[in-house]
Amino acid sequence: MAINKLPDGRYELDIYPSGRNGKRIKRIRNTKKECRLLEADILREFASVPDKFARDNRSLIDLVDLWYSSHGHTLKDAKYRYSRTLALCDRLSNPSVSEFTSEVFSIYRQRRLSDVSVSTVNHETRYLRSVFNELKRLGFYYGDNPLANIRTFPERQRELSFLTYDQRDELLYQCEQSSNTHCAPVVRLCLATGSRWSEANGLKASNLFDNRVIYSDTKNGKQRVIPITSKLSSYLRSQAFPTNTGRLFDSCRSAFRKALERTSIELPQGQSTHVLRHTYASHFVMKGGDILTLKNILGHSDLKVTMRYAHLSPDYMQQAVELSSLDF
């Protein structure tokens, strides 16, 4: 154990509670007395829970497997997140937990940015951070989270493209020409309710009514009930046929992409099916729709996400003029 005075006048406690082969703890305090008190607390804790200070020789993949079996498998995107996190561990060369530090991950992030987007790196940071947080909460991991103080990179807000009425009609025409007869009804459902593609394409027969649809398999797991016209409901029933999964429509995402390619519409990368959702939201706001109502329709958990459409409102920020201190 050592207490060293730092150049800035503070003191650093450097201690191995279980010996040199065990876990090393370094903490900085303002005074030497505070370091001694902290040392005493650590030694008392070591006496009651010695495993907490043992060197953790498990590999990173061992922790991810434990996270998945104890918690991760219950998440909506369980298999996707699990595979992404395992791939991340492989790229890190699967170090032992005791050797995995914030510095190791920071170097990895900088290198990774040359191959993928900032958004992808931020997702990886959140995925691995949550593994440590959850295992610590469950009592399967005693150490500090090495990613606790690593902040995600700021991301530039993506351009939100939406279709004009002419573009909408052009797209619908091409969808009607598709050999996949479910493409057009799924597109119309997205445009009429602002749903995500997976929600509309996966709609079950039991969730379609004369005046509403119920989206139960949603991104955040919360059920949404969206009103529709009886005309749309009748059209959907006439075009659909129940599948062996209880869904009204077979998969038609690739058919939509091919239909989109046959149009003159140009979209930012990664916004093919999602442009339908943006189109609903944008026209809803431009027609004077309430932003809070739109939040509930789209199923956003955070109003800040919905506020991306606010600038399209005809009355957006009008009070900035009406209530100005200068009448000029």
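## Burial and overall form

A residue counts as buried when its relative accessible area is under 20%, as exposed when the value is over 50%, and as partly exposed in between, with a 1.4 Å probe and protein chains only. By this rule, 38% of the 328 residues in the chain are buried. This is a predicted model, in which local features need pLDDT of at least 70 and side-chain atom pairs count only at pLDDT 80 or more, while totals for chains, interfaces and linings use all residues. Residues are numbered from 1 along each chain as its sequence is written, and side-chain values use heavy atoms, with hydrogens and water left out.

The chain has a radius of gyration of 27 Å, whereas a compact globule of 328 residues would have one near 20 Å; the radius is taken over C-alpha atoms, and the globule rule is 2.2 Å times the number of residues to the power 0.38.

## The sheet and its helix

The chain holds 14 helices and 5 strands, which are DSSP runs numbered from the N terminus (helices H or I, at least four residues; strands E, at least two). Three strands form an open sheet in the order β1-β2-β3 with antiparallel pairing, where pairing requires that DSSP finds at least two bridges between two strands. The edge strands, β1 (2–5) and β3 (25–29), each pair on one side only.

Between β1 and β2 (residues 11–15) there are 4 bridges in the antiparallel sense, and I3 stands opposite L13 in β2. Helix α1 (residues 32–48) packs on the sheet and touches β1, β2 and β3, contact meaning heavy atoms within 4.5 Å.

Terms used
Axes fitted to C-alpha atoms, helices over the stretch in contact; angles between N-to-C directions.
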